[in-house]
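Let's take a walk through this structure together. Have a look at it first, and then we'll go from one spot to the next.

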Amino acid sequence: MTITVLLVDDHPVVRSGLRAVLDSGVTTTGGGVTVVGEAATGEAAVALAEQLRPQVVLCDLRLGDGIDGIQTTAALRALEPAPAVLILTTFDRDAEILGAIEAGAAGYLLKDVAPEVIVEGIERAAAGDMFLTPDIASRVLKGMRDPLPKLTDREVEVLRLLATGAANKEIARALFVTEATVKSHVAHIFTKLDVDSRSRAIHLAQETGLI
């Protein structure tokens, strides 16, 4: 049996390499993997998935402009029929791993895994199973046991204003504080949520109900 896969990565060279790996991959049942399409953005991935109906979407986490891998996962899982989504990325922050799983990803792999692990992940995802390497699985379990650190009321205020697209200067004016104070709050928010960008902080806060 052949498993159909849609590749989603904003780097053409990466997509080409993955296609070569997957087209020569063999599953444990002796079947193959066929790449039926490629997309460079999350929006294109959703449109192609509706058209091609792949069994599995192999998706990067960072996709340049537009929606990211977590948002793409949620959109793909909302389709009917919904493909399984396997994240393959270089980013391994706990918040991103948990965000992807919560969005409906069937697995989360780092790009330094062996090709056969990717093929196994695709096979398991197509079968409806969750596939995580042992180190990622232990971090997911830890994250489920340990809730996100609590933000202060002022940090929540800053995060809500960030979500409106406000710049530091505008937030400082709205809260009657200095711009340096706002920068300090933003730094604390990033540290507590284990993120490295405003967009990730906002997305994680919205996903987890912080704002």
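Which side chain does Lys192 meet in a salt bridge? The partner is Glu155, with N and O 2.9 Å apart. A salt bridge here is a side-chain nitrogen of Lys or Arg within 4 Å of a carboxyl oxygen of Asp or Glu. This pair ties together distant parts of the chain: Lys192 sits in helix H9 (residues 179-193) and Glu155 in helix H7 (residues 153-163), 37 residues apart. Helices (H or I, at least four residues) and strands (E, at least two) are DSSP runs, numbered from the N terminus.

A quick word on what you're looking at. This is a predicted model, in which local features need pLDDT of at least 70 and side-chain atom pairs count only at pLDDT 80 or more, while totals for chains, interfaces and linings use all residues. Residues are numbered from 1 along each chain as its sequence is written, and side-chain values use heavy atoms, with hydrogens and water left out.

Back to our pair: is each partner buried or exposed? Buried means under 20% relative accessible area, exposed over 50%, and partly exposed in between (1.4 Å probe, protein chains only). Glu155 counts as buried because its relative accessibility is 5%, whereas Lys192, at 26%, is partly exposed.

There are 12 salt bridges in the structure. Side chains of opposite charge can pair when their charged atoms come close. Take Arg15 and Glu38, whose closest N and O atoms are 3.0 Å apart. They too link distant parts of the chain, with Arg15 in helix H1 (residues 12-23) and Glu38 in strand E2 (residues 33-39), 23 residues apart. Arg15 is buried at 13%, while Glu38 is partly exposed at 29%.

Glu120 is partly exposed, at 33%, and so is Arg124, at 31%. Elsewhere, a whole network of salt bridges links Arg62, Asp68, Glu96, Asp196 and Arg200.

Now for the strands. In a regular strand the side chains alternate between the two faces of the sheet. Look at strand E5 (residues 107-110), which is covered on both faces: Gly107 and Leu109 are buried on one side, Tyr108 and Leu110 on the other. E5 pairs with strand E4 (residues 84-89) in the parallel sense over 4 bridges; two strands pair if DSSP finds at least two bridges between them. Opposite Gly107 you'll find Leu86. E5 also pairs in the parallel sense with strand E6 (residues 131-132), over 2 bridges, and there Tyr108 has Leu132 as its bridge partner. The β-α-β crossover from E5 through H5 to E6 is left-handed, but E4, helix H4 (residues 94-102) and E5 make a right-handed unit. Right-handed means that, with the strands pointing away from the viewer, the path from the first strand over the helix to the second runs clockwise.

Last stop: Asp60, in the loop between strand E3 (56-59) and helix H3 (69-77). An unreviewed UniProt entry places the feature "modified residue: 4-aspartylphosphate" here, at Asp60; UniProt positions follow the numbering used here, feature names are shortened, and annotations may be inferred rather than shown by experiment. Asp60 is buried, at 5% relative accessibility. Neighbours within four places in sequence aside, its contacts (heavy atoms within 4.5 Å) include Asp9, Asp10, Thr89 and Lys111.
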